[in-house]
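Q: Hey, I'm new to this. Please walk me through the one below.

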Amino acid sequence: MKRLLREPLVHFLLLGALLFGWSAWQGGDAAGSNRIVVTPGVVDYLAAGFSRTWQRPPSDIELKGLIDEHVKEEIAAREAMAMGLDRDDIVIKRRLRQKLEFLLVDDAAAAPPTDAELKAWLDRNPESFRIEPTLAFRQVLLRPERRGASMTADATKLLAKLRASGPEVATQDLGDASMLPAETQLQPLREVANSFGQDFADALMKLAPRQWSGPVESSFGLHLVLVRERTEGAAAELATVRPLVEREVLAERRKAELQALYERMLAKYSVRIDSPKLPSAAAGARGAP
């Protein structure tokens with residue numbers, strides 16, 4: 001008898017019986033059971049949810065309604081699972097996956113990233129939060145549909161006139177009318193590219209500031225341009241983007257923890273993938289009409 005009691009299998013069976021008895025005594029409200037127990041903790045949880053929504057505690061009638069709905073949900077869930085409605089349901093599978101990952105993956109934010117971690121991430125990803133170049137400029141447009149073959153010669157003459165007149169010369173009567181702004185305030189390079197085209201925006205980053213230059217070509221024609229102000233792009237300092245970098249570091253941590261979790265769990269499974277045999281490209285070509 002003593003030898004029997006030392007057997008691991010006996011210990012396992014006794015432990016299982018104890019757990020089963022404990023579950024039944026507590027209410028046996030697992031899937032497949034026909035007993036539903038609404039514990040004080042559940043009632044408090046329902047009341048707290050109501051209070052968060054309505055900023056007041058529920059009345060007795062309202063609390064009874066909450067409990068009734070909880071019981072209905074429990075009944076519906078058990079009946080649906082008994083009918084197998086939870087199987088092969090992608091929505092349920094995804095929700096279960098979310099809950100599993102939430103419960104099993106350590107909280108990535110438990111230990112805040114150090115300055116060294118944040119700086120290392122920013123050094124590895126310099127373009128993620130790079131400060132964009134900016135431009136402020138004036139422009140005079142010569143349109144091909146108005147100028148024809150003389151457009152380049154007209155641009156050369158007009159450029160000489162603008163340079164002789166200086167940076168503040170009035171340009172409203174010069175060039176050809178268009179919907180494009182004659183002057184822009186300091187704005188990101190991408191916004192200039194959205195209005196005038198990327199090649200035009202890139203060309204302006206190479207022009208000498210505070211003097212008329214050109215002609216610069218775009219899809220609209222030839223532009224004579226005066227760059228009023230320009231700032232070069234630069235890598236962001238950690239102090240200015242710290243919250244954003246911290247968010248990315250924590251996301252990377254969680255992703256790594258999830259990957260490690262699935263690798264550990266995958267070791268318990270044998271996976272076989274039975275892919276359908278697709279017809280070869282040659283066979284498909286022969287069968288095509």
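This is a predicted model: local features need pLDDT of at least 70, side-chain atom pairs count only at pLDDT 80 or more; totals for chains, interfaces and linings use all residues.

Q: Ok. How many aromatic pairs are there in the whole structure?
A: There are 5. Rings of Phe, Tyr and Trp (its six-membered ring) pair if their centres lie within 6.5 Å; planes under 30 degrees apart are stacked, over 60 edge-to-face, the rest tilted. One of the pairs is Phe50 with Trp54, which is tilted, at 6.3 Å centre to centre and 40° between the planes.

Q: And how far apart are Phe50 and Trp54 along helix H3?
A: They're 4 residues apart in H3, so about one helical turn separates them. (Helices, H or I with at least four residues, are DSSP runs numbered from the N terminus.)

Q: What about Phe196 and Phe200, how do their rings sit?
A: Their ring centres are 4.8 Å apart with the planes at 15°, so that pair is stacked. Phe196 is buried at 3%, and Phe200 is buried too, at 1%. Together with Phe137 they make one aromatic cluster.

Q: Back to H3. Which residues of H3 meet H4?
A: Val42, Val43, Leu46, Ala47 and Phe50 do, and on the H4 side it's Glu62, Leu63, Leu66, Ile67 and His70. Contact means heavy atoms within 4.5 Å.

Q: How many residues does H4 have?
A: H4 has 23, and it reaches 33 Å from first C-alpha to last, close to the 33 Å expected (1.5 Å times one less than the number of residues). After H4 comes Gly84, with a positive phi near 80°.

Q: New topic: where is Arg147?
A: Arg147 is in helix H7, residues 144-147. At 24% relative accessibility, Arg147 is partly exposed.

Q: What does Arg147 touch?
A: Leaving out residues up to four places away in sequence, Arg147 touches Leu142, Asp154, Gly175 and Asp176. Also, Arg147 and Gly221 are 74 residues apart in sequence but 9.7 Å apart in space, C-alpha to C-alpha.

Definitions and conventions. Residues are numbered from 1 along each chain as its sequence is written. Side-chain values use heavy atoms; hydrogens and water are left out. Helices (H or I, at least four residues) and strands (E, at least two) are DSSP runs, numbered from the N terminus. Buried means under 20% relative accessible area, exposed over 50%, partly exposed in between (1.4 Å probe, protein chains only).
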